[in-house]
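Biologist: I am new to this protein and would like a short tour. Could we go through it together?

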Amino acid sequence: MDKKGLCIMAAAGMLGSSFDEASFYHAMEQNPAMIGCDSGTTDSGPYFLGAGLARMHRKAAKRDLRLMIMEGLKRGIPVLIGSAGTAGADPNVDWLVDIAREIAQEEALHFKLAEIKTELTREQLLAYNKAGKITPLGKAEELSEKDIQQVSRCVTAIGPEPFMKALEDGAQVVIAGRSTDTSIYTAVPAMKGLDNAFAWHAAKVLECGSLASVFEIRHGAMLAWIREDSCSIAPGHPDMQASPVSVVSHTLYENADPFVLMEPGRDIYTKDSEYTAEDDRTVRVSKTTMERRPYTVKL
């Protein structure tokens, strides 16, 4: 970890988006401790989860994953993919694992690959529900046995701990089922003793790649430097900028509460956060706080 902090990197906001190579390689010059990318979305509705199919084109996903794996192995840093194949169900994970193995064969690569499955069976759901371990979110209704019997597929949105376990076991590439977007980026900081508010706040901004830039010339990489008392965030592309407004805007993105980011076992509070321009490309975030709470995962 250098004086700027622990550097983490998102290759893009979505695996298979055909991210900008110049942005990717420029970001790699900052020597990040990991390369991550989200591979999931619920924007397309429930079809891809129910069918166990990927929304993105296989060739595009393979192109992006190849660049990430090649550079990760070259630099000896882990490559982490969350919510594999759009929905993160077991067939979606299998689809992306097959692509990773194909890349390894074509490039004559040898690396330790971990796959994390997050799908639950109806039988598991019925048992958890009977034991009172499933509770509704907000004003949602209680799940009935009839509801569960009609479920096609159910996935859990895991936190960073399964990623951490895979890395502790020596994995160089991790392909996971449904994950919270932020968990992809908080696993490595947590392993370095930085499971703090700033790792989670930075991860929230990184999860959509360069979308948190002032003006997105090319979609691609985003970087963050994590410290005990703050984090700094900048786009990977040398001609793009982040500003306090662009970082605040993405902190609010996809959150029911603009000031509370709810994650497995943690609540991150951003109401008092301060956003300061370090230079014309980089924003420093401070005064974010985090509280632990009983550990739950979203179904």
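Predicted model: local features only at pLDDT ≥ 70, side-chain atom pairs only at ≥ 80, totals over all residues.

Biologist: How many residues does helix α3 have, and what does it reach from its first C-alpha to its last?

Modeller: Helix α3 covers residues 58-75, which is 18 residues, and reaches 26 Å. That is close to the expected 26 Å, where the expected span is 1.5 Å times one less than the number of residues. Helices here are DSSP runs of H or I with at least four residues, and strands are runs of E with at least two, numbered from the N terminus.

Biologist: Which residues other than glycine have a positive phi?

Modeller: S83 is one of them, with phi near 50 degrees, and T86 is another, at about 90 degrees. S83 lies in strand β3, and T86 is found in strand β3 as well. S83 is buried, with a relative accessible area of 0%; T86 counts as buried at 1%.

Biologist: Changing topic, which residues have the most contacts inside the largest nonpolar core?

Modeller: They are L80, V174 and I233, in a core of 39 residues. A nonpolar core is a set of buried Ala, Val, Leu, Ile, Met, Phe, Trp, Tyr and Cys residues joined through side-chain atoms within 4.5 Å. Helix α9 (residues 197-206) gives the most to this core, with 6 residues. Apart from this core lies another, of 37 residues, among them V79, A84, A221 and W225.

Biologist: What is I233 in contact with, leaving aside its neighbours within four places in sequence?

Modeller: Its contacts (heavy atoms within 4.5 Å) include A202, V205, L206, M222, L223, R281 and V285.

Biologist: And I148, is that buried or exposed?

Modeller: I148 counts as buried, at 1% relative accessibility, and is found in helix α6 (residues 145-149). With neighbours within four places in sequence left aside, I148 is in contact with R122, L125, L126, N129 and L143. The C-alpha atoms of I148 and R122 are separated by 6.3 Å, although the two are 26 residues apart along the chain.

Biologist: Where does E263 lie?

Modeller: E263 lies in strand β10 (residues 260-263) and counts as buried, at 11% relative accessibility. Beyond its neighbours within four places in sequence, E263 is in contact with T180, T182, S183, W200, I268 and R293.

Biologist: One last item: which residues line the second largest pocket?

Modeller: The lining consists of A33, P78, L167, A171, V188, M191 and K192. A pocket is an open set of points on a 1 Å grid over the protein atoms alone, where a 1.4 Å probe fits, with protein on both sides within 12 Å along at least five of seven lines; lining residues have an atom within 4 Å of a point.

Conventions. Residues numbered from 1 in each chain as written. Heavy atoms only, no water. Buried < 20%, exposed > 50% of the residue type's maximum accessible area, 1.4 Å probe, protein only.
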